[in-house]
Amino acid sequence: MLPLLLRRAVRKGRLTVIGPRNEVETFGGTEPGPVATIRINDPAYDWKIAFNPELKAAEAYMDGALTVEEGDVHDFLEVFFANKRSFDLSAGQAFWRAVARRAKRLHQHNPVSRSRANVKHHYQLGDALYRLFLDDATQYSCAYFPTGDETLEEAQTAKMRHVTAKLNLAEGQRVLDIGCGWGGLALYMARVAGVEVLGVTLSPDQARVATARAQAMGLADRVRFEVRDYREIDEKFDRIVSVGMLEHVGAHHLAEYFRTVRDRLLPNGVALIHSISTKSPPGITGPFIRKYIFPGGYSPSLSEITAAIELSGLWVLDVEVWRKHYGFTLREWRRRFAANRAEVVKLYDERFARMWEFYLSACECVFMYGSGNVVQIQIGRERDGVPISRDYISDVTRAYQSIDARDGVGLSV
């Protein structure tokens, strides 16, 4: 069954498959593109992959039933993404996508208790893992590459600088950071803008590290971190920021999320929401990501986000679209992960390392060749919550660059 699928699907590039009995067949080659050679070690995956390509190819690689003989798993995935439209039209893929669409509400039902469990699945894997491939500030979200030549550390600092500038902060304001991660952005805002920040996360590990960083930087009097769901906050703030958290809300909770943001803002308050999105219409989360990486996760389309904002009564003040920036970010994460792969195996095992190799490579391909996107949406209680021209962002950015040059931006603790 697998050869039949590959003959129909692979047009761009070339994929050579070595079967369990050393039989060799090459597919594609009619159009230029990426090249890879794989070996199928378990004959059962001949029909499993054909019936459910997106999930079973990942599981075969995780289990060692699929190995890459020429190139690496990233080269293999580039062949898949170069021909993804054809794979999506296959009978098996179409069947499972239809099933997932019907179960979308169930997959993304994220009350507080389930959100905590979902966060534990991914973010409680241990800080040692993330330190192996993230930047010094442990920023686990899309970096910003203004020229494309930045190091990962420079690009993550540029992201924090850009976000902070867009918030148009004033000294003494109170800021809520929803999904604060390991505290990098909260501490950056406090350092360069003199604001007070409450960072909330559902990960005790993240809150512990972030609190230690605040103390080490002498910012504990202005920045605090708590293990709380955003729906449990009852204070009001001048500003709200959320970077890389909307993806964990779920499509059917988006209206609730933006109502909560509205209710937590002071009368002239402003929020900046940074999220993975897509250029495509509303869809589903891929089965591999949903099952193994981010249960309950979903990257909403821009139409879903704006519809939920409209229901909240908030003003959309600015929309910025980042295109390949997350692809560049994931490329750096993938390279660092590969350089430290032996340490990952020591921390977990070979199967875990293979799973994360597949995850990082697949996500990079989504942003470099697929429909993946990132959006920053600035919203406010009033239409004049920020200056009428975007020029203020550049002016504030230059001021923060001077502060960064003076202070440095190291956050490692």
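In which helix is Leu302 found? Leu302 belongs to helix H15, which covers residues 302–312. The points below concern a predicted model.

1. Surface patch. Strand S10, residues 315–322, makes the biggest contribution to the patch, with 3 residues. Leu302 itself has a relative accessible area of 31% and is therefore classed as partly exposed, since that class lies between the buried limit of 20% and the exposed limit of 50%.

2. In soluble globular proteins, nonpolar side chains tend to be buried together. The largest nonpolar core of this model comprises 68 residues, and Tyr140, Phe288, Trp356 and Tyr359 have the most contacts inside it. Helix H18, spanning residues 350–368, supplies the largest share of this core, namely 11 residues.

3. Sheet order. Four strands make up an open sheet in the order S2-S1-S3-S4, and their pairing is mixed. Strands S2 (24–28) and S4 (66–70) are at the edges; each has a single partner strand, so one side of each lacks a neighbour in the sheet. From one strand to the next, the twist averages 30°.

4. Strand pairing. Strand S1, residues 12–18, pairs with S2 in the antiparallel sense through 5 bridges, and Ile18 is placed opposite Val24 of S2. The pairing of S1 with strand S3, residues 31–40, is parallel and involves 6 bridges; here Leu15 is opposite Ala36 of S3. S3 and S4 run antiparallel and are joined by 4 bridges, with Ile40 opposite Leu66 of S4.

5. Side chains of opposite charge can pair when their charged atoms come close. The whole structure contains 32 salt bridges. One of them links Glu59 and Lys291, whose closest N and O atoms are 3.0 Å apart. Glu59 is in helix H3 (residues 53–63) and Lys291 in helix H14 (residues 287–293), so this pair ties together parts 232 residues apart in sequence. Glu59 is buried, with a relative accessible area of 5%, whereas Lys291 is partly exposed at 46%.

6. Arg208 and Asp127 form a salt bridge in which the closest N and O atoms are 2.9 Å apart. Because Arg208 lies in helix H12 (residues 204–216) and Asp127 in helix H9 (residues 127–131), the pair connects parts that are 81 residues apart in sequence. Asp127 is buried, its relative accessible area being 12%.

7. Arg231 and Glu256 meet through their side chains in a salt bridge with an N to O distance of 3.7 Å. Arg231 is located in the loop between strand S7 (223–227) and strand S8 (237–243), while Glu256 is in helix H13 (residues 254–264), so the pair ties together parts 25 residues apart in sequence. Glu256 counts as partly exposed, at 27% relative accessibility.

8. Salt-bridge network. Which residues are linked in a network of salt bridges? The members are Arg161, Arg191, Asp404, Arg406 and Asp407.

Methods. Residues numbered from 1 in each chain as written. Predicted model: local features only at pLDDT ≥ 70, side-chain atom pairs only at ≥ 80, totals over all residues. Heavy atoms only, no water. Core = buried A, V, L, I, M, F, W, Y, C linked by side-chain atoms within 4.5 Å. Buried < 20%, exposed > 50% of the residue type's maximum accessible area, 1.4 Å probe, protein only. Helix = DSSP H or I, 4+ residues; strand = E, 2+ residues; numbered from the N terminus. Pairing = 2+ DSSP bridges. Axes fitted to C-alpha atoms, helices over the stretch in contact; angles between N-to-C directions. Salt bridge = Lys/Arg side-chain N within 4 Å of Asp/Glu carboxyl O.
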